[in-house]
Amino acid sequence: MLLLNENAGKNIRIVSVSDDLNKLYKVLDVRSLTSDTYILRLERKNLKFIAGQHVRVRIPDHQQFRLYSIYSGENDPYIDLLIKEVPTGVYSPLLRNKKRGDLLEVKGPSGSFTLNPQYLKSERFLFVATGTGISPFHSYILSYPDFNYHILHGVRYAFEAYENHVYPEGKLTICTSGDDKGHFHGRVTRYLEERINSTDYLVYLCGNSNMINDAIDILKSKGFKNDQLFIESYF
Ligand SMILES: Cc1cc2nc3c(=O)[nH]c(=O)nc-3n(C[C@H](O)[C@H](O)[C@H](O)COP(=O)(O)OP(=O)(O)OC[C@H]3O[C@@H](n4cnc5c(N)ncnc54)[C@H](O)[C@@H]3O)c2cc1C
């Protein structure tokens, strides 16, 4: 069944009722990881995605939407999103209050912050995240368990290094700026400055744009080329 919608004349968009229903996903669970970070679990339906992609989430009847990287693996029977509640934010507090059975509009997936399967066997990857920027890396690791990577996770306090038991021994370096209870006391950028002495990596950077910009400057000063650097900026 077809309905005409929006802007009669120019830019006519034709949508079907079944298309709109297909975009509505049930909330399965909202699970807190820390006081300000939670996992929003949605039904999987038939959403296909490549690890590293994001979805566009809208609360029905809300005018705005937000983008979230997919935290779960390609073969998981649900879609997990790792979300930081920004106290002054519009969406992240609302999503935290969702209950099992509530509906959210989910569109996508989109994005090309993905790993080229050709390189998985041959390349060494360095994943650099701040906060919830670890989400796409978590999805890579669940989706492709056997490849050569190391993760730097920048958080203020070590307890904010979400679900670090998932990463095999030696694969994760928690960089803490607010305490010395991680593996490295300092920001991820300081780790890059002090500890990365080889350019033999493809580097993926995700999270806060200030970190990404600073990290790119550091990596380029060490000889990394543009085609070795991949970025996903959240804010
Ligand atoms: C491609 C893409 C993928 C994203 N994936 C994720 C994700 O997996 N998890 C996630 O939590 N967010 C993610 N974001 C950010 C997300 O889309 C929202 O911006 C965020 O949830 C804040 O929305 P809000 O409405 O609560 O706050 P807003 O009212 O939109 O913004 C308030 C302020 O919050 C700050 N802010 C935004 N995001 C964060 C954050 N993660 N941590 C700290 N401060 C922030 C910004 O300074 C912003 O100006 C992603 C953004 C992009 C572009």
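Me: How many Å separate the centres of domain 1 and domain 2?

Reply: Taken over C-alpha atoms, the centres of domain 1 and domain 2 are 26 Å apart. This is a predicted model, in which local features need pLDDT of at least 70 and side-chain atom pairs count only at pLDDT 80 or more, while totals for chains, interfaces and linings use all residues. Residues are numbered from 1 along each chain as its sequence is written. Domain 1 covers 2-110 and domain 2 covers 117-233; these bounds come from an automatic or database domain assignment.

Me: How many residues of domain 1 and domain 2 are in contact?

Reply: Contact (C-beta atoms, placed from the backbone, within 7 Å) joins 16 residues of domain 1 to 13 residues of domain 2. On the domain 1 side, β3 (24-34) and β7 (78-84) each supply at least two residues, and β7 gives the most, with three. By class, that side of domain 1 has six nonpolar, seven polar and three charged residues. Here Ala, Val, Leu, Ile, Met, Phe, Trp, Tyr, Cys and Pro count as nonpolar, Asp, Glu, Lys and Arg as charged, and the others, Gly among them, as polar.

Me: Why is the largest nonpolar core said to lie between domain 1 and domain 2?

Reply: The largest nonpolar core has 49 residues, and since both domain 1 and domain 2 give residues to this core, it lies between them. A nonpolar core is a set of buried Ala, Val, Leu, Ile, Met, Phe, Trp, Tyr and Cys residues joined through C-beta atoms within 7 Å. L81, F127, V128, I151, V188 and A215 have the most contacts inside this core. Leaving aside residues up to four places away in sequence, I151 touches F127, A129, F137, Y167, K171 and L172.

Me: What makes helix α4 largely enclosed?

Reply: Seven of the nine residues of α4 (residues 135-143) are buried, so the rest of the structure largely encloses this helix. Buried residues have 20 or more other C-beta atoms within 10 Å of their own; in α4 they are S135, P136, F137, H138, S139, Y140 and I141. Their cover includes β6 (66-69), β9 (124-130) and β10 (148-155).

Me: Why are α5 and α6 called roughly parallel?

Reply: The axes of α5 (residues 188-195) and α6 (residues 209-221) come within 9 Å and cross at roughly 5°. Angles under 35 degrees count as roughly parallel, and α5 and α6 are therefore roughly parallel to each other. V188, T189, L192 and E193 of α5 meet M211, D214, A215, I218 and L219 of α6.

Conventions
Axes fitted to C-alpha atoms, helices over the stretch in contact; angles between N-to-C directions. Helix = DSSP H or I, 4+ residues; strand = E, 2+ residues; numbered from the N terminus. Parallel < 35°, antiparallel > 145°, perpendicular 65-115°, else oblique. Contact = placed C-beta atoms within 7 Å. Buried ≥ 20, exposed ≤ 12 C-beta atoms within 10 Å, placed from the backbone.
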